[in-house]
Amino acid sequence: PQGQEYVFCASCGKKNIRSAKFCSACGKRVILENKESGRSESQGGSGKMSLDAMLAEESESPSAELEWQIGDSYFSGSNGAAKDYGEAVRWLEKASSRKHPAAQYALACCYANGLGVEKSDEAAFSLFQKAEENGFAGASLNVAQYLEEGRGVTRNPFRAAVSYIRMILDGDTQTVSRLRALYDSGENLESDISESYRNAHLIRRKETEKTCSQSFRMHFLRTC
């Protein structure tokens, strides 16, 4: 519905309505930032571990999830941690090396903005891609934008359009405006699929599946 707020699951990247207690994709509790207390809390549950508790547990049983949570604590200055982008990057790199998608996404944001590390569009794009490949849905838009703009990768508006249409087919109709803007800019996309892309603005929320035939869906998936 119009005005509905959303939040991305910290574990898998799936977009959920803000009032959700559990992620609709992976089933884990959706984590929100409690602005009053400065702690990250689960919807409908108790708060996360403190930084000291996470560090103690990680020293005994290292895991990508703990490394990600520690890195996120330093990045946001939550769970008793002072905001420290350098420390955040150090822990996010550990979790990213274990293919933790949320950590890869957060680390990509650090490289994209030069937070705790030298700014690098190439490194950011690579990490956004890895996060997307490992299931972090929120990274798809970043990958498409980098492809469209040629940031950290050879500019490829056609691949950007494919990414946008895949997001639309998955129900994210907010990207329709980006797809239409790409066409309005006069990009010479391949003629055999350009008309189908051009008509993508007809897709509406909750009507994606019935608007797009199965053959339409399979056609675009084959182009990826």
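Among contacts between residues at least 6 apart in sequence, what share joins residues at least 24 apart? In this predicted model, the share is 41%. The protein contains 11 helices and four strands. Of its 224 residues, 40% are buried.

Nonpolar side chains tend to be buried together in soluble globular proteins. The largest nonpolar core here has 33 residues. Within it, W68, L92, Y164 and L179 have the most contacts. Six helices each supply at least two residues of this core: α3 (85–97), α4 (101–113), α5, α6, α7 (157–169) and α8 (176–184). Helix α4 gives the largest share, eight residues. Beyond residues up to four places away in sequence, L92 touches W68, G71, D72, A103, A106, L107 and C110.

Helix α2 spans residues 64–76. The axes of α2 and α3 come within 8 Å and cross at roughly 160 degrees. An angle over 145 degrees counts as roughly antiparallel, so α2 is roughly antiparallel to α3. The crossing of the two helices is left-handed. On the α2 side, the contact involves A64, E67, W68, I70, G71, D72, Y74 and F75. On the α3 side, these meet Y85, E87, A88, W91, L92, K94 and A95. By class, the residues of this contact are 10 nonpolar, one polar and four charged.

E67 belongs to α2. Is this residue buried or exposed? Its relative accessible area is 2%. The cut-off for burial is under 20%, so E67 counts as buried. Apart from neighbours within four places in sequence, E67 is in contact with E58, P62, W91, K94, A95 and R98.

Helix α6 covers residues 139–149. Nine of its 11 residues are buried, so α6 is largely enclosed by the rest of the structure. The buried residues are A139, S140, N142, V143, A144, Q145, Y146, L147 and E148. They pack against α4, α5, α7 and α8. After α6 comes G150, with a positive phi near 75 degrees.

Two packed helices are described by the angle between their axes and the distance between the axes. For α6, two such pairings were examined: with α5 and with α7. Helix α5 comprises residues 121–133. The axes of α5 and α6 come within 8 Å and cross at roughly 140 degrees. The two helices are therefore oblique to each other. Their crossing is left-handed. From α5, the contact takes in D121, A124, F125, F128, Q129, A131 and E132. The α6 residues that they meet are A139, S140, N142, V143, Y146 and L147. Eight residues of this contact are nonpolar, three are polar and two are charged.

The axes of α6 and α7 lie 7 Å apart, and the helices pack at an angle of about 155 degrees. Helices α6 and α7 are therefore roughly antiparallel to each other. The crossing of α6 and α7 is also left-handed. Helix α6 contributes S140, L141, A144, Q145, L147 and E148 to the contact. Helix α7 contributes P157, R159, A160, S163, Y164 and M167. This contact has seven nonpolar, three polar and two charged residues. Y164 is also one of the residues with the most contacts inside the largest nonpolar core.

N142 lies in α6. Its relative accessibility is 15%, so N142 counts as buried. F128 is part of the α5 side of the contact with α6. Q129 is 13 residues from N142 in sequence. In space, the C-alpha atoms of N142 and Q129 are 8.6 Å apart.

Notes. Residues are numbered from 1 along each chain as its sequence is written. This is a predicted model: local features need pLDDT of at least 70, side-chain atom pairs count only at pLDDT 80 or more; totals for chains, interfaces and linings use all residues. Side-chain values use heavy atoms; hydrogens and water are left out. Axes are lines fitted to C-alpha atoms, for helices over the stretch in contact, and angles run from 0 to 180 degrees between N-to-C directions. Angles under 35 degrees count as roughly parallel, over 145 as roughly antiparallel, 65 to 115 as roughly perpendicular and the rest as oblique. A crossing is left-handed if the near helix is turned anticlockwise from the far one by less than a right angle, and right-handed if clockwise. Contact means heavy atoms within 4.5 Å. Ala, Val, Leu, Ile, Met, Phe, Trp, Tyr, Cys and Pro count as nonpolar, Asp, Glu, Lys and Arg as charged, and the others, Gly among them, as polar. A nonpolar core is a set of buried Ala, Val, Leu, Ile, Met, Phe, Trp, Tyr and Cys residues joined through side-chain atoms within 4.5 Å. Buried means under 20% relative accessible area, exposed over 50%, partly exposed in between (1.4 Å probe, protein chains only).
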